[in-house]
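Hi,

Here is the structure I said I would pass on.

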Amino acid sequence: MWAWALLPVSLAVFGTVGLWVVYAIAVSNNTVNITEEFPYISTCGSYSPQSCLFSQICNICCVLALWIVTIRFQQIRDLGRASHLNTAGLVLGFISSIGISILGNFQQSVVNGVHLLGALMAFFLGLAYFWVQAWLAYYSPPSRDRRWVVPVRVILCSQCTCLVICMFVLHGTGFRSEAAMCEWALVMCFFALFGIFAAEFRHIDFHKLTVQKKGIKTASDANGVWTLQEIH
C-alpha cells in the first residue's frame, strides 16, 4: 500500500520545514544574530516563543521516528532477515528517537547537560542506526529499489559521519559558525535518510494488529500479532 510511504516522507518534510520555521522566527525576533555567527539549531530553539514550537516539532518527530523504526524492524523480519543486527537496529532506533524528544524538551539555555545528552543520543545512535539499515538493505532480497536505495543510503551515511566529525572538531577549535552549518547539514541528511524509507514502505501490503484477551484459549499463545507483507 503506497500510503505507508507517506509516513517517512511526512517526517522528513515536517521536520525540515519545522526547523527552518524556528530559525526564521529566531532571526526575525533577534534572539539570534546571524551577522555575528551562524546559530546552532539548539540556539534557535532555546528562547521564547520559538522554544515552544521547537519542543513540539521534536516531540512529533520522535513519535513518527519510533513508528518508522518499529515498522522497519517488522518489515525486515517478515522478509526472513530476522537477526540480532535487526534487533540491535530496533534498540538503536528507539534510543535515538527518544533523544530527539529529550533535546527538544530540555533547551540548551535551561538544562544544558540533559540537552547535550539528548543530542548525543540522537546524533551518534541515530547515525549507528542508519548504518545498520544500510547493511540490512544490502543483504535484503533483490528488488528494483535496492539498486539505488543502498548506494544513496551509504552515501548519506558517509556524509553524516564526516559532518559529525567536522562539527565536533570545528566546535572544539572555536569555529562555531562552521560547526553550526555542519549541524544543520547533518540534520537535513538525517531527514533525507528517513525519507528514503518511503521506497521500501511503499511495498507494504497491509499492517495489522490483532489483540486477544487473556484467558481465551487459542491455537497460539500470542496475545498480539503484527503482520507485514512485501510485494515485489
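By class, the lining of the largest pocket comes out as 25 nonpolar, nine polar and two charged residues. The classes work like this: Ala, Val, Leu, Ile, Met, Phe, Trp, Tyr, Cys and Pro are nonpolar, Asp, Glu, Lys and Arg are charged, and the others, Gly among them, are polar. The pocket holds about 760 Å³ of space. Of its 36 lining residues, S42, L103, A119, F123 and E183 are the closest to the centre. Elements that give two or more residues to the lining are α1 (6-28), α2 (41-44), α3 (50-81), α4 (84-105), α5 (112-138), α6 (146-172) and α7 (176-201). The largest share, ten residues, comes from α5.

For the record, the search ran on a 1 Å grid over the protein atoms alone: a pocket is an open set of points where a 1.4 Å probe fits, with protein on both sides within 12 Å along at least five of seven lines, and lining residues have an atom within 4 Å of a point. Grid points are joined across faces, edges and corners, and the volume is the space filled by probe spheres set on the points.

Before the rest, two caveats. This is a predicted model, in which local features need pLDDT of at least 70 and side-chain atom pairs count only at pLDDT 80 or more, while totals for chains, interfaces and linings use all residues. Residues are numbered from 1 along each chain as its sequence is written, and side-chain values use heavy atoms, with hydrogens and water left out.

Now the overall layout. The chain has seven helices and two strands, in the order α-α-α-α-α-α-α-β-β along the sequence; these are DSSP runs numbered from the N terminus (helices H or I, at least four residues; strands E, at least two). Of the 232 residues, 44% count as buried, meaning under 20% relative accessible area with a 1.4 Å probe and protein chains only (exposed is over 50%, partly exposed in between). Among contacts (heavy atoms within 4.5 Å) with a separation of 6 or more, 71% link residues 24 or more positions apart.

The largest nonpolar core has 58 residues, and L11, L19, F130, L186, F190, L193 and F201 touch the most other members. Each of α1, α2, α3, α4, α5, α6 and α7 supplies at least two residues of this core, and α7 gives the most, with 15. A core here is a set of buried Ala, Val, Leu, Ile, Met, Phe, Trp, Tyr and Cys residues joined through side-chain atoms within 4.5 Å.

Leaving aside neighbours within four places in sequence, L11 is in contact with C61, L64, A65, I68, F191 and F194. L64 sits in helix α3 and is buried at 15% relative accessible area. With residues up to four places away not counted, L64 touches L7 and L11. The C-alpha atoms of L64 and P8 are 7.8 Å apart, although 56 residues separate the two along the chain.

Which contacts does R72 make, beyond its neighbours within four places in sequence? They are Y129, Q133, A137, R153, F197, E200 and F201. R72 is also in α3, and counts as buried at 2% relative accessibility. S177, in α7, is buried too, at 17%; outside four places in sequence, S177 is in contact with E37 and F38.

On helix geometry, the 23 residues of α1 should span 33 Å at 1.5 Å a residue, and the end C-alpha atoms are 32 Å apart, which agrees. The expected span is 1.5 Å times one less than the number of residues. For α4, 22 residues reach 32 Å from first C-alpha to last, close to the 32 Å expected. Buried residues of α1 include L7, P8, L11 and L19.

Most residues other than glycine have a negative phi, and most peptide bonds are trans. N30 is not a glycine, yet has a positive phi of about 65 degrees. N30 lies in the loop between α1 and α2 and is exposed, at 64% relative accessible area. The other one is a cis peptide bond between S48 and P49, with omega about 5 degrees; P49 lies in the loop between α2 and α3.

Cheers
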